[in-house]
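This report covers the fold of one chain and the contact between two chains.

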Amino acid sequence: MGQSVTQRTLALIPLSSDPASKDRLLLTIQGRSVLEWTVDAMRMVPEIGDVVIAEPASNRLLTLRQALDSAPVADRILFHEPNRPLTSAAGLRSFLRDAAAHPAAAMVVPVKSTYKEVVDGRVVSTIPRNQLYQLQHVLVVDRAPFEEALDSTIRQGRVDGDEFTACQSAGIPIQLIPGSYFNFPIAAHLDVEFAEIALVKGLRLAP
Amino acid sequence: MSEPVAVAIVLAAGAGKRMAATVNKVFLPLAGKPIIAWSLECFERHPQIAEVIVVAAAAELEECRHRVLQPFGFKKVSTLIVGGETRHDSEFNGLIHLEQRIEDGSIDLVLIHDAVRPFVTASMVDRLIDEARSSGAAIPCVPAADNIVQALPRGQLSQAPAHLWAAQTPQVFAARLVLAAHQQAHRDGFKGSDTSSVVERAGKSVAVVQGSYDNIKITTSDDLIRGEQIARARPRSGEGPSLLSAESASA
């Protein structure tokens with residue numbers, strides 16, 4: 001708790017074994033692949049030491065375990081999805097700075113719509129909009145307690161977990177920190193075109 | 001006495017703070033026409049909608065008239081009325097404008113629509129009207145993406161409730177039901193984030209009709225890019241499978 005932003009942070013980018021997800025990482029935006037955009041943004045962040053691309057294992061938790069086993073020493077780990085090419089060095093620096101006082105923090109954006117709990121085709125309740133956020137799958141966490149949490153979650157035999165559930169099951173509180181709506185995932189060709197337009201219009205947080 | 005009719009109230013009085021634009025976003029161009037004109041065109045062509053009321057900011061009534069209503073010649077837009085401080089206040093103003101005709105039974109259905117949702121389609125309106133005529137209240141919704149979370153009071157992550165759906169507009173109600181619910185909310189000082197929440201609070205059941213991920217709300221500058229993409233790619237009728245997914249449709 002109370003980490004300094006100058007402590008060493010390891011960036012970890014877990015890949016998915018899903019072939020369609022892999023293919024999407026090779027789509028190009030202004031001549032560079034989606035994965036290159038994501039990795040390059042991280043390489044430009046002085047607070048980030050090494051950037052590790054984690055090859056997929058049989059499930060997400062084992063992917064993380066395998067990558068951390070051979071990863072260089074670091075005080076904190078920054079998990080980042082590979083398919084968010086409009087992430088930026090400036091945005092990540094700001095996030096790491098704001099996250100420094102917390103054992104774990106996640107990048108989010110506020111939701112824009114009103115959300116309802118719906119059961120059997122009927123509205124059950126309206127959730128207060130100011131309490132809801134969309135996760136951007138960017139998480140920074142202190143390494144030592146995270147590794148303990150990860151091992152514990154794996155021992156419990158959970159195969160459907162991820163870095164967020166590992167933190168939550170170990171009681172590591174995750175602070176929500178605002179990101180940018182432009183840090184969106186590439187899920188379809190339409191998203192590639194969106195990214196191209198955003199870059200041309202200079203709407204990605206520079207650099 | 002003639003058959004009761006359905007009236008659409010289009011809310012256009014938003015301040016658009018999140019867009020950081022100098023003009024109200026409903027007037028921003030989207031593929032060649034103002035954002036508000038897209039939904040007004042849908043209602044203009046829809047055979048079951050008899051009339052449209054536009055609720056605009058007091059300072060923008062003339063702009064609305066000159067930039068939208070006159071150039072596009074919307075014949076069903078009968079009145080331009082002044083909105084309130086909040087979305088809730090604006091829809092209340094719209095309903096009060098119709099109060100007498102709702103009470104005497106000449107209006108039986110009211111559709112309440114956000115002008116910043118340009119991609120409402122005729123078939124969605126059909127489904128909503130059918131459901132509202134049968135059950136009294138119908139709203140379009142889409143299943144939420146799986147990355148929605150809830151914040152605890154100190155800003156920490158917590159699981160969002162299960163069975164979460166994103167509500168859209170137009171929201172369609174039996175006219176007397178929504179008027180009574182709003183009058184009750186007004187007496188109690190309650191303000192809802194959408195029309196449905198006012199009706200839910202009055203204890204009425206609200207049915208969910210399948211919306212579309214393309215029926216986006218243009219709130220921030222990224223939505224304007226998405227809007228341009230949808231406007232270019234969708235067929236002229238506006239019908240067809242959704243171009244966006246839960247993941248790519250913005251929060």
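Two residues are taken to be in contact if their C-beta atoms, placed from the backbone, lie within 7 Å. The model is a predicted one. By that cut-off, the contact draws on 42 residues from chain B and 40 residues from chain A. On chain B, at least two residues each come from β8, β10, α6, β12 and α7. The largest share of the side of chain B that touches chain A is the 5 residues of α7(B). By residue class, that side of chain B holds 19 nonpolar, 17 polar and 6 charged residues.

| Element of chain B | Residues |
|---|---|
| β8 | 148-151 |
| β10 | 164-167 |
| α6 | 195-201 |
| β12 | 207-210 |
| α7 | 221-233 |

Strand pairing also links the chains: β9 of chain A (residues 132-142) and β8(B) run antiparallel over 3 bridges. In this pairing, A:L132 stands opposite B:Q150 of β8(B).

Chain A contains 7 helices and 10 strands. Its radius of gyration, 17 Å, is close to the 17 Å that the globule rule gives for 207 residues, so chain A is as compact as a globular protein of that length. Along the principal axes, the C-alpha atoms of chain A fill a box of roughly 45 × 40 × 35 Å. Of the 207 residues in chain A, 45% are buried. Among contacts in chain A with a separation of 6 or more, 77% join residues 24 or more positions apart.

In chain B, helix α2 spans residues 61-72 and has 12 residues. From first to last C-alpha α2(B) reaches 16 Å, close to the 16 Å expected at 1.5 Å a residue. Just after α2(B), B:G73 adopts a positive phi of about 60°.

Note on methods:
Residues are numbered from 1 along each chain as its sequence is written. Chains are lettered from A and ligands numbered from 1 in the order in which they are written. This is a predicted model: local features need pLDDT of at least 70, side-chain atom pairs count only at pLDDT 80 or more; totals for chains, interfaces and linings use all residues. Helices (H or I, at least four residues) and strands (E, at least two) are DSSP runs, numbered from the N terminus. The expected span of a helix is 1.5 Å times one less than its number of residues. Ala, Val, Leu, Ile, Met, Phe, Trp, Tyr, Cys and Pro count as nonpolar, Asp, Glu, Lys and Arg as charged, and the others, Gly among them, as polar. Two strands pair if DSSP finds at least two bridges between them. The radius of gyration is taken over C-alpha atoms; the globule rule is 2.2 Å times the number of residues to the power 0.38. A residue is buried if 20 or more other C-beta atoms lie within 10 Å of its own, exposed if 12 or fewer, and partly exposed in between; C-beta atoms are placed from the backbone.
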